[in-house]
Amino acid sequence: MDPQASEQRPTNVNQSQADGSAPAAPPTASLAPGSSMRASGIGLGTAQSPPAHYPQRRSVSVGGVQIGGGAPCVIQSMTTTPTRDWEATLAQVIRLADAGCQLVRLSVPDEASAVGFGEVKKRSPVPLIADVHFHHRMALRSIEEGADKIRLNPGNVTRREHIEEVAKELLAARIPVRVGSNSGSIAPRYKTQYVPDPVGAIVGSAREYVEQLREFGVEDIVVALKSHDPMTTVECYRRFAATEPWPLHIGVTEAGPGITGAARSAVALGLLLSEGIGDTMRVSLANDPVEEVYVCREILASLNLRKTVRVVACPTCARVEFDLLGLVERLEKPLLSLDAPISIAIMGCAVNGPGEARDADIGICAAGGRYMLFKKGEIVRSDLTEADFAGVLSDEIFEMTGKRLAL
Ligand code: SF4
């Protein structure tokens, strides 16, 4: 058991909140201001503090990665390959890790997947979580295969003796469990309540499952309370966080394809993180999971909670003097994977170009037929051609950060 997770209990549970009613709206914590872009110290790599009247969040360790207890929000995602195909799954885990994913979850629906999980685990660069539904034996097998955490679902691992068996092995392996109370997977007895009161049902189902695990001695618990509706999701987490100390995995479940899912997730997760709620996050996109990691990083960076590159690029218009959109498309993914607190401006003409380029750590701008490079507010070159821009940017980023862009 994590020593920090000893006997902390909620300090402000009242009866109505324990029954699932809404607590007072939490005050919104203020965010680190960014004065000028260069001076903003983009991405502090810190956690936003929850409101003072909320219980302190406990901490758990997932293969050495701390979740909760004031640690910065941890990015996670989930593989989409069949886990029994361990080589394809490992390749995806490595791609996710390279993009900045800190924990990866794999489905373990059957014995072949448990074996595959074990093979990936032996070679994975990041801790792995086993996602288990229906068959508690798959949780036991995943623990045998070295899982760093298990995800269980109150809706489909329900029998007391099964929960007890899994709890015993969790304690023996000294690994945490995530209780995933989603709109589609709440405990059976909350299903009637769900229709008029989805928040109460999701929260109540999670609380009940946590208490069942605690009866068997499990204290290293992470909780998720997801709905496909962003504002229902926000209300679930607000209500739970106001009374419970468990670290929170935040996300909007089944958020949809790329643009839809990113926007819905950004709204819900942005609100929660700005209130200090959220210890680990996943954006669930119907897409390549690497995109999920990029969206997580950008949400955290937008809140100044993560060290990452901030790119300012003009949307272009009839005045643009070079193929700016082509350059941005080429640079976008390499820049998204770069952990460095710098700002880069890519600007198309003299209207806003020189101003934005000056305000960034590194700026490129075309204006009046000249192709210029700015560094820390000064023009350092004006003899470039359009073809030089990508290479010059890459060189300057390397000089400033020691990291090469994978162009
Ligand atoms: S910077 Fe110039 S090209 Fe870019 S959107 Fe503004 S006016 Fe148009």
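Two residues are in contact if their C-beta atoms, placed from the backbone, lie within 7 Å. The legends below describe close-up views of a predicted model.

View A. Neighbours within four places in sequence being left aside, the contacts of Arg57 are Pro50, Gly68, Gly69, Pro245, Pro247 and Asp279. Arg57 counts as buried because 25 other C-beta atoms lie within 10 Å, the cut-off being 20 or more. Gly278 is 221 residues away from Arg57 in sequence, yet the C-alpha to C-alpha separation is 9.8 Å.

**View B. The closed barrel of 8 strands**. The order of strands is S3-S4-S5-S6-S7-S8-S9-S10, and their pairing is parallel.

**View C. Pairing of strands S6 and S7**. Residues 149-152 form strand S6 and residues 177-180 form strand S7; the two pair in the parallel sense over 3 bridges. Arg151 stands opposite Arg178 of S7. Helix H4, residues 136-144, packs on the sheet and touches strands S5 (128-131) and S6. The direction of helix H4 makes about 170° with that of S6.

**View D. Residues around the ligand**. The shell contains Cys314, Pro315, Thr316, Cys317, Arg319 and Val320, together with Met347, Gly348, Cys349, Val351, Asn352 and Gly353. By class, the residues of this shell divide into 7 nonpolar, 4 polar and 1 charged.

Technical notes: Residues numbered from 1 in each chain as written. Predicted model: local features only at pLDDT ≥ 70, side-chain atom pairs only at ≥ 80, totals over all residues. Pairing = 2+ DSSP bridges. Helix = DSSP H or I, 4+ residues; strand = E, 2+ residues; numbered from the N terminus. Axes fitted to C-alpha atoms, helices over the stretch in contact; angles between N-to-C directions. Near = placed C-beta within 6 Å. Nonpolar A, V, L, I, M, F, W, Y, C, P; charged D, E, K, R; others polar. Buried ≥ 20, exposed ≤ 12 C-beta atoms within 10 Å, placed from the backbone.
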